[in-house]
Amino acid sequence: MCQSCGCDDTELVPVEVHERILAGNERTARHNREHFAAAGVCAINLMGSPGSGKTALLEATARALAGRRRLGALSGDLATDHDARRLQAAGIPAASITTGSACHLDAELVHRALHDFPWRELDLLFVENVGNLVCPAVYDLGQSANVVALSVTEGEDKPLKYPVMFRTADLVLITKLDLARHVEVSLDAIHDALARVMPRPRAIELSARTGAGLDGWLRWLDERLAPARTHA
Amino acid sequence: MHEYAIVQALLDRVEAEARGRGALAVHRLRVRVGELAGLDADLFATAFATFRAGTACAGAALDVERVPARWACPRCRRPIAPGAVLRCADCATPARLEQGDEIVLDTIDLEVP
């Protein structure tokens with residue numbers, strides 16, 4: 001009711017909200033993060049274009065760490081469970097998160113997938129995001145690190161074209177290094193582009209196929225795992 | 001095309017606010033979208049126009065303020081130009097994003113009895 005004269009007119013009230021629109025996702029992500037921390041599990045959100053070599057990287061990682069670290073993976077895809085099956089064949093527990101038409105994973109999808117997955121028994125949980133250099137960057141999943149796979153065949157300027165994805169990366173893996181000489185890519189140009197979108201650029205060049213550079217990636221994972229191990 | 005998912009989160013948030021205050025209608029929303037938020041402001045507006053039908057926001061206007069990205073050195077405050085290496089030219093400290101990654105609902109104009 002109008003305050004000044006008591007008539008039946010309605011009032012227009014400006015309500016101050018000042019809240020992040022994805023606050024709901026961020027709450028669920030915090031919840032996931034607390035679970036991971038309590039169980040001593042290091043969760044890695046692995047992102048990258050379709051075909052950037054995310055699954056091949058995880059297969060190589062699973063084989064390299066077999067018997068030493070307990071790995072598991074949740075693979076997000078619009079359709080099929082091919083990635084999860086490939087990772088199971090590489091010897092680690094893996095499940096699919098089928099998103100239907102959604103181009104990214106969100107914290108709720110990951111949370112639901114955890115209910116049916118033996119994640120508490122792991123040292124390292126990889127969340128293999130939907131292949132996409134845009135949407136996944138916007139959603140916190142509760143991970144302890146973001147890793148972006150960028151293959152040498154994608155073009156040197158990809159970081160400049162997709163700055164949001166690379167800005168949030170803790171580590172960039174420059175994959176398919178064995179193909180670099182065939183596509184005449186300048187690795188220096190990739191590193192230069194990364195320095196213009198990442199304040200703390202960190203990148204490792206590797207090939208999942210030949211194993212070149214894989215040791216650097218495994219060392220990086222080891223550094224991440226050190227605090228988790230003391231809880232075990 | 002996560003713009004649709006973000007519009008859905010926005011509609012849910014506004015719906016809750018309108019219901020909580022017994023509003024008769026929502027007239028206008030003001031939203032800030034940063035250049036590095038990973039959200040296309042035009043697609044976002046289109047998604048809003050499509051999905052507001054049948055919700056509390058059916059008759060609501062959407063104002064989107066675009067916030068440019070601004071990087072600076074956190075130590076000496078020196079601004080870092082867009083496209084430059086993200087490291088202070090004076091003290092080599094990694095740059096910090098001062099603004100430009102926000103997706104924020106600022107205000108809602110509600111019609112109340």
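In which strand of chain A does H18(A) lie? H18(A) belongs to strand β1 of chain A. That residue is a friendly place to start a walk through this predicted model.

H18(A) has a phi near 50°, a positive value in a residue other than glycine. It is exposed, because 9 other C-beta atoms lie within 10 Å, and a residue with 12 or fewer counts as exposed. A92(B) sits in the loop between β4 (79-80) and β5 (96-99) of chain B. With 9 other C-beta atoms within 10 Å, A92(B) is exposed.

**Chain A as a whole**

Nine helices and eight strands make up the secondary structure of chain A. Its C-alpha trace spans about 80 × 40 × 35 Å along the principal axes. Of the 232 residues in chain A, 46% are buried. Among contacts in chain A with a separation of 6 or more, 73% join residues 24 or more positions apart.

**Where chain A meets chain B**

The contact takes 30 residues from chain A and 31 residues from chain B. On the side of chain A that touches chain B, β1 (11-20) and α6 each supply at least two residues. The largest share of that side, 10 residues, comes from β1(A), the strand in which H18(A) lies. Sorted by class, the side of chain A that touches chain B has 19 nonpolar, four polar and seven charged residues.

**Two helix pairs**

Two packed helices are described by the angle between their axes and the distance between the axes. The table sets out one pair from each chain.

| Helix pair | Angle | Axis distance | Crossing |
|---|---|---|---|
| α1 (23-39) and α4 (107-114) of chain A | about 35° | 8 Å apart | left-handed |
| α1 (3-20) and α2 (41-51) of chain B | roughly 55° | within 9 Å | right-handed |

In the chain A pair, N25(A), T28(A), A29(A), H31(A) and N32(A) of α1(A) meet A107(A), E108(A), V110(A) and H111(A) of α4(A). The residues of this contact divide into three nonpolar, five polar and one charged.

The pair in chain B, α1(B) and α2(B), is oblique. From α1(B), the residues E3(B), Y4(B), I6(B), V7(B), Q8(B) and L11(B) meet L43(B), F44(B), A47(B), F48(B) and F51(B) of α2(B). Here the contact residues comprise nine nonpolar, one polar and one charged.

Which residues of α4(A) are buried? They are A107(A), L109(A), V110(A) and L114(A). These residues cover an arc of only 165° around the axis, which puts them on the same side of α4(A). Their cover includes α1, β3 (71-77), β4 (94-98) and β5 (124-128) of chain A. Two of the buried residues, A107(A) and V110(A), also take part in the contact with α1(A).

Helix α8 of chain A, residues 187-195, has I190(A), A193(A) and L194(A) buried. Seen down the axis of α8(A), the buried residues fall within an arc of 100°, so they line one face of the helix. Among the elements covering them are α5 (158-161), α6 (163-167), β7 (171-175) and β8 (203-205) of chain A.

**Two buried residues and their surroundings**

S207(A) is found in the loop that runs between β8 and α9 (214-231) of chain A. Is S207(A) buried or exposed? S207(A) counts as buried, because it has 22 C-beta neighbours inside 10 Å, and the cut-off is 20 or more. S207(A) and L177(A) are 30 residues apart in sequence, yet their C-alpha atoms are 4.8 Å apart in space. Leaving out residues up to four places away in sequence, S207(A) touches K176(A), L177(A), D178(A), A212(A) and G213(A).

G48(A) is in strand β2 (residues 42-48) of chain A. It counts as buried, with 27 C-beta neighbours inside 10 Å. Not counting residues up to four places away in sequence, G48(A) touches K54(A), G131(A), V148(A), A149(A) and L150(A). From G48(A) to R196(A) the separation is 148 residues in sequence and 18 Å in space, C-alpha to C-alpha.

Note on methods:
Residues numbered from 1 in each chain as written. Chains lettered and ligands numbered in written order. Predicted model: local features only at pLDDT ≥ 70, side-chain atom pairs only at ≥ 80, totals over all residues. Helix = DSSP H or I, 4+ residues; strand = E, 2+ residues; numbered from the N terminus. Arc of directions from axis to C-beta. Contact = placed C-beta atoms within 7 Å. Axes fitted to C-alpha atoms, helices over the stretch in contact; angles between N-to-C directions. Left-handed = near helix turned anticlockwise from the far one by under 90°. Nonpolar A, V, L, I, M, F, W, Y, C, P; charged D, E, K, R; others polar. Parallel < 35°, antiparallel > 145°, perpendicular 65-115°, else oblique.
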